[in-house]
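User: Could you take me through this structure, please? I would like to begin with the overall picture and then look at some details.

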Amino acid sequence: MPLHEPSPYEVLGVPLTAGVREINLAVGPAMKAARYTRQQIQEAAALLRNPDRRLEADLQRPLPPEPVDQAAELLAPALAEPLLVIERPPLPPAALAALHRAELAADFAEPAPGGADPEPPVPARYAADLSVLPQIEVPE
């Protein structure tokens, strides 16, 4: 399955300047080549024979990209500087947490059977303390 819809010029294998005679002569070889279905070939020929529909199709056809010479020279100023600079201070070694398998297993162990508390307790190192709360000014 092609990625794009073929233009009528591609289907018939004719140039953009082809006249009605060239279009009629191109139908036979296009049928023999069998690259496209009979219906696609007939629709392409009918479209190119009708001047109004042909003009409409030509106006809707995207233009091919123009080649750019010296592309590297044009992009050099933009590539000279990085687009986004993020400066981060280095992390102190104490900020990095090391988690051992034994601690992880203890944190998520099943609670003892027969306990009255349906929720497992929060491990002490994950418990909320005053260090996570914002300072609150109490009026006197």
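Predicted model: local features only at pLDDT ≥ 70, side-chain atom pairs only at ≥ 80, totals over all residues.

User: How many helices and strands does the chain have?

Analyst: The secondary structure consists of six helices and zero strands. Read from the N terminus, the order of elements is α-α-α-α-α-α.

User: And how much of the chain is buried?

Analyst: Of its 140 residues, 14% count as buried. As for contacts, those between residues 24 or more positions apart make up 51% of the contacts with a separation of 6 or more.

User: Let us turn to α2. What span should its 14 residues have?

Analyst: Helix α2 covers residues 20-33, and at 1.5 Å a residue it should span 20 Å.

User: Where does α2 bend?

Analyst: The bend is at V27 and amounts to about 25°. A proline, P29, follows within four residues of that position.

User: Which residues of α2 are buried, and what do they pack against?

Analyst: The buried residues are I23, A26, V27 and A30. Their packing partners are α1 (8-12), α3 (38-49) and α4 (51-60).

User: What comes after α2?

Analyst: A34 follows the helix, in the loop between α2 and α3. Its phi is near 55°, which is a positive value in a residue other than glycine.

User: Is A34 buried or exposed?

Analyst: A34 counts as exposed, because its relative accessibility is 55% and the cut-off for exposed is over 50%.

User: Changing topic: how many residues of α4 are buried?

Analyst: One of the ten residues of α4 is buried, so this helix lies largely in the open.

User: What about R54: where is it, and which side chain of opposite charge is nearest?

Analyst: R54 is located in helix α4. R54 is buried yet has no salt bridge; the nearest side chain of opposite charge belongs to D58, 4.3 Å away. A salt bridge would require a distance within 4 Å.

User: Then what does R54 touch?

Analyst: Leaving aside residues up to four places away in sequence, R54 touches Y9, L16, T17, A18, I23, L47 and L48. With one of these, Y9, there is a polar contact between the two side chains, at 3.0 Å. Another, I23, is among the buried residues of α2.

User: Finally, where is S7, and is it buried or exposed?

Analyst: S7 sits in the segment before α1. Its relative accessibility is 16%, so S7 counts as buried. The C-alpha atoms of S7 and A57 are 8.7 Å apart, although 50 residues separate them along the chain.

Key:
Residues numbered from 1 in each chain as written. Heavy atoms only, no water. Helix = DSSP H or I, 4+ residues; strand = E, 2+ residues; numbered from the N terminus. Expected span 1.5 Å × (residues − 1). Bend = angle between axes of the 7 residues up to and from the residue. Buried < 20%, exposed > 50% of the residue type's maximum accessible area, 1.4 Å probe, protein only. Contact = heavy atoms within 4.5 Å. Lys, Arg positive; Asp, Glu negative; His and termini not counted. Polar contact = N/O pair within 3.5 Å; in protein donor to acceptor, adjacent residues only side chain to side chain.
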